[in-house]
Amino acid sequence: MSPLVRALNSPLGRRALLRRSTALALAAIATPITSRIALGHPRFSDYPFQLGVASGNPIADGVVLWTRLAPTPLEGGGMPNETVPVRWVVARDQRMIDVVQKGTAMAAPEHGHSVHVPLRGLSPDHWYFYQFIAGGEASPVGRTRTFPVIGSPKDRMRFAFCSCQNFYQGYFNSYRQMVQDDLDLILTLGDYIYESTWGTQVRWHLPEPTDLAGYRNTHALYKLDADLQRAHASVPWAMTWDDHEVDNDYAGLNQEDQDPVEAFTRRRAAAYKAYYEHMPLWPTSRPVDGDMRLYGSLTFGDLASFAVLDNRQYRSDQACQGPSDFGGQNVPADCAERTDPTRSMLGQEQERWLLRSQLTPGGARWKVVAQQMLFSQMKQGDKWWSDGWDGYPATRQRIVNHIADRQVQNAVIIGGDIHQFWVSDVKKDFDDPASPVVATEFIGSSISSGSGSWAERFLPANPHIRYHDWRHRGYGRAEVTHGGMKVDLVAMDSVADPNAGARVLKSYVVEAGQAGAKEA
C-alpha cells in the first residue's frame with residue numbers, strides 16, 4: 001500500500017488528518033502573514049475541500065491540478081458570492097517540504113469556486129505531490145506525474161480505462177483496486193455522472209438536472225465517493241464524456257425528449273460548464289459560447305500515444321427516427337440514412353485530426369484510440385443500434401480503411417458505454433470472416449451501471465468478437481511494453497457491497513506488429 005493510500009486511510013480519520021497537516025502545508029508555502037491578510041482570510045461554514053483534489057492530462061513538463069471549494073457540496077457549494085484566493089504547492093515529497101513550485105489561484109463564484117492550475121516547467125517523467133490551502137484549511141495531498149518527453153525511450157507503462165459509474169446502482173469499488181495497481185494514468189471514457197436513474201437501487205440519487213445548479217450538485221454527489229476521490233488523488237487522469245453527462249442519447253444539439261433546440265442548447269451549455277468545473281482540464285477546454293473542446297492527445301515517450309475522442313458534441317443525429325421515437329433505436333437493415341457517407345460520428349474537423357495527426361505510421365509504438373462505445377460491428381438480427389458506431393458505419397469504415405491502407409501498426413481501440421466486457425478483432429470488412437484484422441478492441445464493462453444478457457444470442461453472427469461478459473462490473477488494466485500490450489479485465493465481486501473484492505476475469509495479449517488479441 002502506498003504512503004498516499006495509508007495517509008488517506010489513517011485511523012485519525014480524514015478530517016482530523018487534513019487539519020493536522022494544515023500547519024505544515026502553510027509553512028511549505030512560506031508566504032508572509034501580511035500577504036495572506038492582504039489576500040483575505042475567508043471563513044467557511046464547513047470543511048471546504050470535501051470534493052477532494054485531482055490532476056489530469058499530463059505532458060512532459062506539466063499537468064493540470066484541480067479542486068473546488070464546496071463546504072456544503074449538495075447545496076450549490078455553500079460559498080459566498082466572492083472570489084477566494086487558494087494557495088497551491090507542489091513538492092517532490094508527500095510531506096510537502098521539498099517544494100518545487102507554489103502560487104495562488106482565484107476560486108471565483110462564476111466558476112463554481114473551482115480551481116484549475118495549469119502547471120508547466122516541471123521535470124519530465126517525475127512523480128510529484130500537491131496540496132491546496134484556503135482560509136487556514138488544507139486539502140488532501142494529491143500525487144501526480146509528468147509524462148516522459150515525446151519520443152524518449154521507455155520500457156513500460158500501465159494505465160486503466162473505465163466508464164459508466166451510476167451512483168444510484170452501486171459503489172465505485174473499482175477505484176479502490178486501481179489505487180493499488182501501480183498506474184501511470186486513468187482514462188475515464190464517459191458517463192462519469194448520470195443525469196437520470198433506472199434499475200436496481202443501491203444508493204440514492206439527486207433529481208435529474210437541467211440547469212447549472214443541478215449539474216453542479218450532481219457532480220458534487222459523485223465526487224463525494226471516497227474511492228473515486230482516492231483514485232483522483234493517486235494518479236493523473238485523462239477524460240472524455242458520453243451522453244449522461246448531459247442527457248441520454250443526445251447527439252450534438254438534438255436530444256431524445258425533443259425539447260426546443262434553444263432550451264436544450266442552454267441545458268447542454270450548463271452541463272458542459274459543470275463538467276469543466278469538476279475535471280482537471282487545461283484552460284483550452286473551458287467552454288466558449290456553449291461549446292467545449294474536449295478531444296485531444298497524450299503521448300508517453302516512445303511507447304504509447306492516446307487519441308481521446310468526443311463522440312457526442314459533433315455527431316449527426318441518429319438515423320431513421322420515427323415520428324415519436326428519438327435518440328438511440330434499433331433501426332431496420334434497410335434504413336438508407338444509416339449508411340449515408342455524409343453523416344458523421346466525430347464531425348469533419350475531429351475526424352480529420354484523428355486520421356492526419358494521430359493514426360499515422362511512425363511515432364509511439366502503440367496507438368491507443370480512447371473513445372466511448374463498442375467500435376466493432378454488432379449485428380443484432382435484422383436491426384442495428386443507431387446510437388452506437390453501427391449507426392455511423394461510414395465514419396467507422398473510413399477509420400478502418402485508413403489504418404489498413406496506411407499500414408498503421410499496433411492500433412488499439414478502448415471503449416465503454418455498453419456495461420459489459422468485450423474483446424474484438426477490428427476487421428477491414430466485418431462481414432467477411434476472412435478479412436484481415438487491422439486493430440484490436442477492448443471494452444472495460446462499467447464501474448457500477450447494470451447490464452443484461454441481451455447480447456449473447458447475437459454472438460454467433462459476430463465471429464470477430466473474441467470475448468464477452470455481461471455479468472460483472474469492472475474496468476480494463478493495461479501494461480504496455482515495446483513487445484506487447486497485456487490487458488486484464490478486472491471484475492468486481494459486487495458493487496452492492498462497498499467492501500467487495502476484485503479479481504482478474506480474463507487477460508489478453510496483443511503482440512507488437514500482430515493485430516488481434518490472444519488469451520494470456
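1. In this note, helices (H or I, at least four residues) and strands (E, at least two) are DSSP runs, numbered from the N terminus. The model is predicted. On that numbering, D184 belongs to the loop between helix 4 and strand 10 (185-189).

2. Is D184 buried or exposed? With a relative accessible area of 8%, D184 is buried, because the cut-off for that class is under 20%. Its side chain makes a polar contact of 2.6 Å with the side chain of R145. Not counting residues up to four places away in sequence, D184 also touches W127, F147, M157, R158, V235, P236 and F300.

3. The largest nonpolar core comprises 41 residues. Those with the most contacts inside this core are Y175, M178, I186, W237, Y275, L281 and M292. Two or more residues each come from strand 9 (157-162), helix 4 (173-179), helix 5 (212-223), helix 6 (226-234), strand 11 (237-240), helix 7 (261-277) and strand 22 (484-492). Helix 7 is the main contributor, giving seven residues. Apart from this core lies another, of 33 residues, which includes L187, A304, V308 and L489. In soluble globular proteins, nonpolar side chains tend to be buried together.

4. The buried residues of helix 7 are F264, R267, R268, A270, A271, Y272, A274, Y275, Y276 and E277. Among the elements covering them are strand 2 (62-68), strand 5 (114-119), helix 5 and strand 11. Y275, leaving aside its neighbours within four places in sequence, is in contact with H219, M239, T240, W241, E245, L281, M292 and L294.

5. Strand 12 shows a covered face, made of G296, L298 and F300, and an uncovered one, made of S297 and T299.

6. Further into the strand order, strand 13 and strand 15 pair in the parallel sense, again over five bridges; S305 has K367 of strand 15 as its bridge partner. Strand 15 and strand 17 (residues 411-415) also run parallel, joined by four bridges. Across this second pairing, V369 stands opposite I413, and A370 is the bridge partner of I414. How many of the five residues of strand 15 are buried? Five are. W366, V368 and A370 point one way from the strand, whereas K367 and V369 point the other way.

7. In helix 8 (residues 348-358), the buried residues include Q350, E351, W353, L354, L355 and Q358. Their cover includes strand 12 (296-300), strand 13 (304-308), strand 15 (366-370) and helix 9 (393-405).

8. A last point concerns T67, which is found in strand 2. T67 is buried, with a relative accessible area of 0%. A polar atom of the T67 side chain lies 2.9 Å from the backbone oxygen of G52. Leaving aside neighbours within four places in sequence, the contacts of T67 are F49, G52, V53, H113, S114, V115 and F132. P48 stands 19 residues from T67 along the chain, and their C-alpha atoms are separated by 9.8 Å.

Terms used
Residues are numbered from 1 along each chain as its sequence is written. This is a predicted model: local features need pLDDT of at least 70, side-chain atom pairs count only at pLDDT 80 or more; totals for chains, interfaces and linings use all residues. Side-chain values use heavy atoms; hydrogens and water are left out. A nonpolar core is a set of buried Ala, Val, Leu, Ile, Met, Phe, Trp, Tyr and Cys residues joined through side-chain atoms within 4.5 Å. Buried means under 20% relative accessible area, exposed over 50%, partly exposed in between (1.4 Å probe, protein chains only). Contact means heavy atoms within 4.5 Å. A polar contact is a pair of N or O atoms within 3.5 Å; within protein, one must be able to donate a hydrogen and the other to accept it, and residues adjacent in sequence count only if both atoms are side-chain atoms. Two strands pair if DSSP finds at least two bridges between them.
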